[in-house]
Amino acid sequence: MKKLQVDRDLCIGCCRCVDFAGQFFSIKDGLAYVEVQPEEDEADDADIAIDNCPTEAIEWID
C-alpha cells in the first residue's frame with residue numbers, strides 16, 4: 001500500500017494540507033508532517049491535500 005510523505009525541504013508550512021485533510025496531517029516546528037496514514041478508502045481525501053499543496057511537497061510513495 002502506498003504511503004503519504006511530506007518533503008520537509010519543500011514544505012513552507014502554509015497549513016493547506018491540514019485545512020483540507022487534517023485527519024492525516026499536522027504542523028510541527030512550522031512544517032507539515034503525516035500524523036496518520038490514510039486507509040485505502042480515504043485516499044481521495046489525501047489526494048485533495050496533495051492537489052492543494054502550493055509547493056508540491058506531498059506525495060504518495062511505495
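A residue is classed as buried under 20% relative accessible area, as exposed over 50%, and as partly exposed in between, for a 1.4 Å probe and protein chains only. By this criterion Ile50 is buried, with a relative accessible area of 18%. The structure is a predicted model, in which local features need pLDDT of at least 70 and side-chain atom pairs count only at pLDDT 80 or more, whereas totals for chains, interfaces and linings use all residues. Residues are numbered from 1 along each chain as its sequence is written, and side-chain values use heavy atoms, with hydrogens and water left out.

Ile50 is found in helix α2; helices (H or I, at least four residues) and strands (E, at least two) are DSSP runs, numbered from the N terminus. Apart from neighbours within four places in sequence, Ile50 is in contact (heavy atoms within 4.5 Å) with Leu4, Ile58 and Trp60. The C-alpha atom of Ile50 is separated by 16 Å from that of Asp62, 12 residues apart along the chain. The buried residues of α2 are Ala46, Ala49 and Ile50. Viewed down the axis of α2, these residues fall within an arc of 100°, so they line one face of the helix; the arc is that of the directions from the helix axis to the C-beta atoms. The buried residues of α2 pack against β1, α1, β2 and β4 (58-61). Asp44 and Asp51 are exposed residues on the face of α2 turned away from its buried side.

In soluble globular proteins, nonpolar side chains tend to be buried together. A nonpolar core is defined here as a set of buried Ala, Val, Leu, Ile, Met, Phe, Trp, Tyr and Cys residues joined through side-chain atoms within 4.5 Å. The largest such core comprises 14 residues, of which Leu4, Val6, Cys17, Phe24, Phe25, Ala49 and Ile58 touch the most other members. At least two residues of this core are supplied by each of β1 (3-6), α1 (16-21) and α2 (43-52). The most is given by α2, with 3 residues. Not counting residues up to four places away in sequence, Phe24 touches Leu4, Tyr33, Val34, Glu35, Val36, Gln37, Pro38, Glu42, Asp45 and Ala46.

Strand β2 (residues 25-28) contains Ser26, which counts as buried at 15% relative accessibility. With neighbours within four places in sequence left aside, the contacts of Ser26 are Val18, Leu31, Ala32, Tyr33 and Glu35. Strands β2 and β3 (residues 31-34) pair in the antiparallel sense over 4 bridges, where pairing requires that DSSP finds at least two bridges between two strands. Ile27 stands opposite Ala32 in β3. The two strands β2 and β3 form a hairpin with 2 residues between them, and Asp29 in the turn has a positive phi of about 55°.

Positive phi values also occur in two loops. Cys15 is found in the loop between β1 and α1, and its phi is near 75°, a positive value in a residue other than glycine. At 29% relative accessibility, Cys15 counts as partly exposed. In the loop between α2 and β4 lies Glu56, with a positive phi of about 55° although it is not a glycine. Glu56 counts as exposed, at 66% relative accessibility.
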